[in-house]
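Please look over the sequence and the structure below before reading on. The briefing is grouped by topic.

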Amino acid sequence: GSLLKDELDLNDLFRPLTFLNSLCQLTARQAHCPMDVLNLVSAWSKSSIVSPTLVIIKSLIMQGAEMNGTQLKETSRDAPEIVPLPPLVIGYSKVALSDKMNSLQVPVYHDATRRQFLFEIQLPIKEDADTWILSGVAIFLSQV
């Protein structure tokens, strides 16, 4: 029962998607609902997500953008290609996070080769989503 209490590095897991599926099953059991009504949601704070089971994911890295507090911003000229992200809270919820106009679905890949797609998370943005899509924003569990 202690796995979900601490920050978790998905890269330490042999099969991250199996873990997320198990998290969805556990949430469905706790919420007394079918799995198909649950949505994967993410936020920078636990208070933003309504879910009986939350996981804090650490050691994520991002390419194509930087973080400005809790929102995406363009990378500066001297910024590295890949930047670390603060810990991200994820969980499954019956209620999808609203405000899709000011958010972007960002793909999460196993590594920077972008061969193994894992899932998508929603990140807050100020600008038009097309800007971020063209810049190729993606999140990875590891660089290699």
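Which residues point one way from β7, and which the other way? In this predicted model, Leu88, Ile90 and Tyr92 point one way, while Val89, Gly91 and Ser93 point the other way. In a regular strand the side chains alternate between the two faces of the sheet.

**Strand β7 and its partners**
- All the residues on both sides of β7 are buried.
- Because 6 of the 6 residues of β7 are buried, the strand is largely enclosed by the rest of the structure.
- Strand β1 (residues 39–43) runs antiparallel to β7 and is joined to it by 5 bridges, with Ser42 opposite Ile90.
- Strand β2 is also antiparallel to β7, through 4 bridges, and here Ile57 stands opposite Leu88.

**Helix α1**
- Buried positions in α1 are Pro16, Phe19, Leu20, Leu23, Cys24, Thr27 and Ala28.
- An α-helix has 3.6 residues a turn, so residues three or four places apart point the same way.
- The strands that the buried residues of α1 pack against include β2 (54–57), β7 (88–93) and β8 (103–111).
- His32 follows α1 and has a positive phi, near 55°.

**Pro84**
- Pro84 lies in strand β6 (residues 82–84).
- With 65% relative accessibility, Pro84 counts as exposed, because the cut-off for exposed is over 50%.
- Leaving aside residues up to four places away in sequence, Pro84 touches Leu60 and Ile61.
- Glu66 is 18 residues from Pro84 in sequence, and their C-alpha atoms are 8.6 Å apart.

Notes. Residues numbered from 1 in each chain as written. Predicted model: local features only at pLDDT ≥ 70, side-chain atom pairs only at ≥ 80, totals over all residues. Heavy atoms only, no water. Helix = DSSP H or I, 4+ residues; strand = E, 2+ residues; numbered from the N terminus. Buried < 20%, exposed > 50% of the residue type's maximum accessible area, 1.4 Å probe, protein only. Contact = heavy atoms within 4.5 Å. Pairing = 2+ DSSP bridges.
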